[in-house]
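Have the structure open while you read.

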Amino acid sequence: MGIPYSDRHNRVMSVLTPSRYALLRLIAEAGSNLKAESLALGRNHAYLQQYIHKGTPQRLPEDVRESLARRFAVSANVFRDDADPNWEPLAPGALSDAGDPSPRRPHFATPRAPFGAAPVERDPPPTESQFRIPEYNVAPQAGPGALPSHMAVEDGPQPVDHWFLPRRFLSAFTDSPEALVVLRVAGDSMEPDYQAGERVLVDTAHRTPSPPGVYVLWDGFGLVLKRLEIVYGTTDPVMVQIMSINPGYPTYTRALDEVHINGRVVGKWVWK
């Protein structure tokens, strides 16, 4: 039985955009959490949690950006959507670890362990020649639309594992290794190229469907893994074709501003 649209809509979570990463890093650096910062903004306690995990609102309004800028002593443009021409990355020196030139994932607060539980185990630090890529328990459906099976409640999504790859190898494929994440495929609409259970490497910095390729996106109905291609000649609005590899699934079209592209698939693991 399918999940009603309202339930699917209410449970969406997207891979974090740069502005969301920046907000989580600043909150963690301050030793705070999403609930406390939401209340400090004069909003309901879940306001920033919904912004981070559900994409609601999709963009922070100006008064919220200004309040966050004053609170964390950074430019308000840091909290703009990174597609906005006025968006700015987090400035060097904004975080205590900014002096370290090595690329790194945004810092997330330590998950709260249940009473009496053992401390959370940490992966050993990567060597200088290795880069650590987080795997999140979010399965883009190579089919009708999947839902995340795990969401951290307050402090942002927590990686369920880490993959270590040589920096030199990654540098041949991307200029932003810190934007890479590993996700698990579900469903069969992208078979035979992408099988259920396979892990794919996603570049979350690449969120425009050009050139055509396979992307992770929210299409209005679910989090899906699909081939995207802009419909030639469309301008107002720009339309995008959302295609499966399995011929048993239809191609459909959406306005580009109706989909949220979380990243481009740049690799996968193949076992022989």
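This is a predicted model: local features need pLDDT of at least 70, side-chain atom pairs count only at pLDDT 80 or more; totals for chains, interfaces and linings use all residues.

## Lys-268 and its partner

Lys-268 comes out as partly exposed, since its relative accessibility is 32%; the label covers values between buried (under 20% relative accessible area) and exposed (over 50%), using a 1.4 Å probe and protein chains only. Its side chain meets that of Glu-198 in a salt bridge, 3.5 Å from N to O. Here a salt bridge is a side-chain nitrogen of Lys or Arg within 4 Å of a carboxyl oxygen of Asp or Glu. Lys-268 is in strand β9 (residues 260-268) and Glu-198 is in the loop between β3 and β4, so the link spans 70 residues of chain. Glu-198 is buried, because its relative accessible area is 17%.

Strands (E, at least two residues) and helices (H or I, at least four) are DSSP runs, numbered from the N terminus.

Residues are numbered from 1 along each chain as its sequence is written, and side-chain values use heavy atoms, leaving out hydrogens and water.

The average pLDDT (the predictor's confidence in each residue, from 0 to 100) is 74, and 73% of the residues score at least 70. Residues 1-15 stay under 50, with 25 contacts (heavy atoms within 4.5 Å) beyond four places in sequence. Residues 97-121 are also below 50, and that stretch has 43 contacts beyond near neighbours in sequence.

A search of the whole structure turns up 5 salt bridges. In one of them, the closest N and O atoms of Glu-37 and Arg-71 are 2.3 Å apart. Glu-37 belongs to helix α3 (residues 34-40) and Arg-71 to helix α5 (residues 62-72), so the pair ties together parts 34 residues apart in sequence. Glu-37 is buried at 2% relative accessibility, while Arg-71 is partly exposed at 49%.

Arg-199 and Glu-135 form another, at 3.0 Å from N to O. It ties strand β4 to strand β1 (residues 130-135), parts that are 64 residues apart in sequence. Arg-199 is partly exposed at 26%; Glu-135 is buried at 6%.

## A buried serine

Where does Ser-189 sit? It lies in the loop between β3 (180-184) and β4 (199-203). Ser-189 is buried, with a relative accessible area of 0%. Its side chain makes a polar contact of 2.9 Å with that of Lys-226. Such a contact is a pair of N or O atoms within 3.5 Å; within protein, one must be able to donate a hydrogen and the other to accept it, and residues adjacent in sequence count only if both atoms are side-chain atoms.
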